[in-house]
Amino acid sequence: MALEIERRFLVRKDVRYLCRDGVRIVQGYLPSDGVSTVRVRIAEDRATLTIKSLKRGACRDEVEHPLTLDFARQLLRHGCEGRLIEKTRYRHCQDGLCWEIDVFHGENAGLVIAEVELDTPDQTVPLPDWIGAEVTTLRAYGNSALSRAPIRRWSAAAA
């Protein structure tokens, strides 16, 4: 099992100039025990099942297993109860780090999140000027939460 150390941030500026050769991703979450999340993802012609433990700050355990595309599509259609995330992921390297910039579509359109994987939890992260507020520990910005409560519903819930 691998340890994922990741920090996530809202993107506060237009970063389209950084976004080249994106990968379209569709993913959904299978029902789980609340202790872990079980994700099915199709990214172009590659499908995976990923199990992630609860976060401890920026860290959590993660295990990933390849799936056939047909089986992944069946899981998304029948196991994820229609709660899907659609996004395009772009990679941008800066200051020795590789940022993944996720531009969300569908019910989460307008949301752009940048994440960076780290070697250690206390690793220094030089923040580019397009980075906004950190959302690493805010559950509402996690993909599994966004599949259940997309941002398009947030303002309606607050009213």
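1. Glu44 sits in the loop between β3 and β4. Helices and strands here are DSSP runs, numbered from the N terminus (helices: H or I, at least four residues; strands: E, at least two). The phi angle of Glu44 is near 60°, a positive value in a residue other than glycine. With a relative accessible area of 51%, Glu44 is exposed; the classes are buried for under 20% relative accessible area, exposed for over 50%, and partly exposed in between, with a 1.4 Å probe and protein chains only.

2. On the basis of the model: it is predicted, so local features need pLDDT of at least 70 and side-chain atom pairs count only at pLDDT 80 or more, while totals for chains, interfaces and linings use all residues. Residues are numbered from 1 along each chain as its sequence is written, and side-chain values use heavy atoms, with hydrogens and water left out.

3. Asp21, in the loop between β1 and β2, has a positive phi of about 55° although it is not a glycine. Asp21 is exposed, with a relative accessible area of 74%.

4. On annotation: the unreviewed UniProt entry carries "domain: CYTH" for residues 2-147. UniProt positions are given in the numbering used here, feature names are shortened, and annotations may be inferred rather than shown by experiment. Over residues 2-147 the chain is 49% strand and 10% helix, and the end C-alpha atoms are 24 Å apart.

5. Which residues of helix α1 are buried? In α1, which spans residues 69-78, they are Ala72, Leu75 and Leu76. Seen down the helix axis, the buried residues of α1 fall within an arc of 95°, so they line one face of the helix; the arc is that of the directions from the helix axis to the C-beta atoms. Arg77 and His78, on the other side of α1, are exposed.

6. Contact, here and below, means heavy atoms within 4.5 Å.

7. Helix α2 covers residues 143-148 and includes Ser144. Ser144 counts as buried because its relative accessibility is 17%. Leaving aside neighbours within four places in sequence, Ser144 is in contact with Tyr29 and Thr37. Asn143 is also placed in α2, and it is buried, with a relative accessible area of 10%. Not counting residues up to four places away in sequence, Asn143 touches Arg8, Gln27, Tyr29, Ile85, Lys87 and Phe104.

8. How many salt bridges does a search of the whole structure find? The count is 16, where a salt bridge is a side-chain nitrogen of Lys or Arg within 4 Å of a carboxyl oxygen of Asp or Glu. One of them joins the side chains of Glu4 and Lys52, at 3.2 Å from N to O. This pair links distant parts of the chain, with Glu4 in strand β1 (residues 2-11) and Lys52 in strand β4, 48 residues apart. Glu4 is buried at a relative accessible area of 5%, and Lys52 counts as buried at 9% relative accessibility.

9. Glu4 has a further partner. Arg60 forms a salt bridge with Glu4, the closest N and O atoms being 2.9 Å apart. Here strand β5, which holds Arg60, is linked to strand β1, which holds Glu4; the two residues are 56 residues apart. Both Arg60 and Glu4 are buried.

10. Glu134 and Arg7 also meet through their side chains in a salt bridge, at 2.7 Å from N to O. Glu134 lies in strand β9 (residues 131-134) and Arg7 in strand β1, so the pair ties together parts that are 127 residues apart in sequence. Glu134 counts as partly exposed, at 35% relative accessibility. Elsewhere, salt bridges that share partners join Arg8, Lys87, Arg89, Arg91, Glu100, Asp102 and Glu115 into one network.

11. On the surface, Met1, Ile51 and Val63 form a nonpolar patch with about 300 Å² of accessible area together. Patches are made of residues with over 30% relative accessible area and no salt bridge; like charges are joined within 9 Å, and nonpolar side chains (Val, Leu, Ile, Met, Phe, Trp, Tyr) within 5 Å. Accessible areas come from the Shrake-Rupley method with a 1.4 Å probe, and for residues only the protein chains shown count as cover. Ile51 is found in strand β4 and counts as partly exposed, at 36% relative accessibility.
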